[in-house]
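Subject: Structure for you to look at, with notes

Dear colleague,

I am passing on the structure we talked about, and my notes come after it. Please read them with the model open beside you.

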Amino acid sequence: MAIIKDGTAKVQKGDTLSDIAAQANTTVAAIAKANNIKNVNLIKPGQVFTLPNKKTGETPASGATGPTGPTGPTGSSSATGTPTGTSAGRSVVSTYVDPSTGDTYAMYSDGVPELLFKGTKISDASAEEARDRLLAQREEAFALEQKKREGTSAYTLLLSEFERYGLSTLVEPLKKYIEEGLSPAEFTLRLRNEDAYKKRFAANAQRVAKGLRALSEAEYVGTEDQYQDVMRRYGMPESYYAKGDLGVQSGFEKFLAGDVSAVELEDRIQTAQNRVVNSNPEVSKALKEFYPGISNGDILAYVLDPANAIEQIKRKVTAAEIGGAAIQSGLKTGMTRAEELAAAGITKQQAQQGFQTVAEVAPRGGVLADIYRQDPYTQTTAEQEVFGLAGSVDAARQRRKLTQLETAEFSGSAGTGAIARDRAGAF
């Protein structure tokens with residue numbers, strides 16, 4: 001690096017005039033002019049050059065403020081590409097290109113340079129900024145391409161997954177969004193805002209309105225498959241699970257919206273089919289009498305309505321079974337009594353056995369109560385004792401008293417003991 005001191009520059013090994021000009025914050029042309037340098041490409045270590053003031057082009061001794069750029073013999077820049085100062089015994093000895101600006105100069109024999117071409121090079125700082133911008137653009141382009149490739153791959157995976165459930169038509173219109181590089185969250189929002197999606201997964205909106213969480217696509221379709229399997233196993237009509245447009249099974253929407261599990265659905269169907277439809281006709285008859293809104297024809301529709309709680313359905317069916325048991329025994333009972341017995345835990349089998357006993361005891365007890373002028377002994381009295389309902393103790397006491405009265409009446413007559421035992425025994 002040249003030694004700069006007192007307005008001069010001493011050339012060191014490896015220095016170029018361009019290096020010295022940059023170091024001294026001036027131009028090659030200004031140094032060449034100030035020092036009458038014939039060939040700017042030929043300088044030697046140890047040479048001492050007078051430095052002009054900054055980039056004014058004048059030597060310190062002149063004190064004048066000359067033009068700001070290289071000039072020809074007349075003091076003006078030609079920048080025409082053709083040397084104009086070859087008169088007056090001068091000749092062009094060389095040309096020089098300033099590496100910092102790209103400007104091209106003609107160097108005359110008297111050491112005066114002339115600008116021939118204006119350079120197009122930019123400053124180091126501008127070059128650095130340009131390089132940074134180019135790198136940023138390249139990185140952005142690469143990232144977009146990578147995102148597009150990843151999006152295409154994601155689309156292929158998503159399409160494959162949806163095809164498993166016959167839902168590829170939901171995804172195909174959105175291919176452009178995936179390939180444009182939408183994030184998974186953004187794509188999911190786009191997908192769920194599509195009308196086709198809302199139609200296919202309609203129950204989710206109802207679930208959210210009820211405070212339930214929305215099911216994922218896989219959960220939704222998987223639950224539908226479980227429903228269908230249950231219905232097929234129980235021989236339900238195909239209309240209950242037939243698929244429509246987009247694979248929608250409209251009959252399942254209310255189950256999904258009501259958060260009905262496949263286990264509960266099976267329980268409902270089992271209750272209707274095994275305990276009503278396939279049971280003895282007296283159960284259906286009692287069900288229709290107790291609950292006129294339900295008949296054997298629409299019992300399935302009733303039990304498959306999530307608005308009807310499964311426990312409520314079971315209580316009504318149990319009451320109908322109890323009512324059916326009474327009919328089988330030749331008796332009649334009302335809905336209130338049947339529901340009371342159901343609430344007391346009486347099963348269908350217990351009802352059948354109990355009403356058979358009531359049918360045997362109640363008529364005889366009523367006759368004896370009339371004969372001996374006792375309190376009436378009715379079907380209700382017998383039911384209280386037989387089924388252990390409220391009043392069962394008094395009912396049992398009344399029956400024993402009637403038995404004793406009949407036994408006492410016939411025990412004093414010869415040959416009547418056996419008859420008394422036969423008449424009172426069943427009672």
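Predicted model: local features only at pLDDT ≥ 70, side-chain atom pairs only at ≥ 80, totals over all residues.

Residues are numbered from 1 along each chain as its sequence is written, and side-chain values use heavy atoms, with hydrogens and water left out.

Overall make-up

The protein has 19 helices and six strands, where helices (H or I, at least four residues) and strands (E, at least two) are DSSP runs numbered from the N terminus. Of its 427 residues, 38% are buried; buried means under 20% relative accessible area, exposed means over 50%, and partly exposed is in between, with a 1.4 Å probe and protein chains only. Among the contacts in the protein with a separation of 6 or more, 55% are between residues 24 or more positions apart, a contact being heavy atoms within 4.5 Å.

The largest nonpolar core holds 62 residues, and the members that touch the most others are Met231, Phe255, Leu265, Ile269, Leu304 and Phe355. Such a core is a set of buried Ala, Val, Leu, Ile, Met, Phe, Trp, Tyr and Cys residues joined through side-chain atoms within 4.5 Å. Another core, of 20 residues, lies apart from it and includes Leu17, Ile43, Leu51 and Tyr105. In soluble globular proteins, nonpolar side chains tend to be buried together.

Packing around H16

The axes of helix H14 (residues 310-328) and helix H16 (residues 348-371) come within 8 Å and cross at roughly 30°; axes are lines fitted to C-alpha atoms, for helices over the stretch in contact, and angles run from 0 to 180 degrees between N-to-C directions. H14 is therefore roughly parallel to H16, given that angles under 35 degrees count as roughly parallel, over 145 as roughly antiparallel, 65 to 115 as roughly perpendicular and the rest as oblique. The crossing of H14 with H16 is right-handed, a term used if the near helix is turned clockwise from the far one by less than a right angle, with left-handed for anticlockwise. On the H14 side the contact is made by Glu321, Ile322, Ala325, Ala326 and Gln328, and on the H16 side by Lys348, Ala351, Gln352 and Phe355. Sorted by class, these are five nonpolar, two polar and two charged residues, with Ala, Val, Leu, Ile, Met, Phe, Trp, Tyr, Cys and Pro counted as nonpolar, Asp, Glu, Lys and Arg as charged, and the others, Gly among them, as polar.

H16 also packs with helix H17 (residues 379-387), at an angle of about 135° and with the axes 9 Å apart, which means that H16 is oblique to H17. This crossing, too, is right-handed. Among the residues that make the contact are Gly354, Phe355 and Val358 of H16 and Gln379, Glu383 and Phe387 of H17, and by class the contact has seven nonpolar, four polar and one charged residues.

Phe355 takes part in the contact with H14 and in the one with H17. Beyond four places in sequence, Phe355 touches Ile322, Ala325, Ala326, Ser329, Leu331, Leu341, Gln379, Glu383 and Phe387.

Ile327 belongs to H14 and is partly exposed, at a relative accessible area of 25%. Its contacts, leaving aside neighbours within four places in sequence, are Glu282, Lys285 and Ala286.

Thr333 sits in the loop between H14 and helix H15 (335-343) and is buried, with a relative accessible area of 13%. Ala338, in H15, is buried at 0% relative accessibility.

Two positive phi values

Most residues other than glycine have a negative phi. Asn36, in the loop between helix H2 (28-35) and strand S3 (48-50), has a positive phi near 55° and is partly exposed at 40% relative accessibility. Asp259, in the loop between helix H10 (250-257) and helix H11 (262-277), has a positive phi of about 60° and is partly exposed, with a relative accessible area of 45%.

Best wishes
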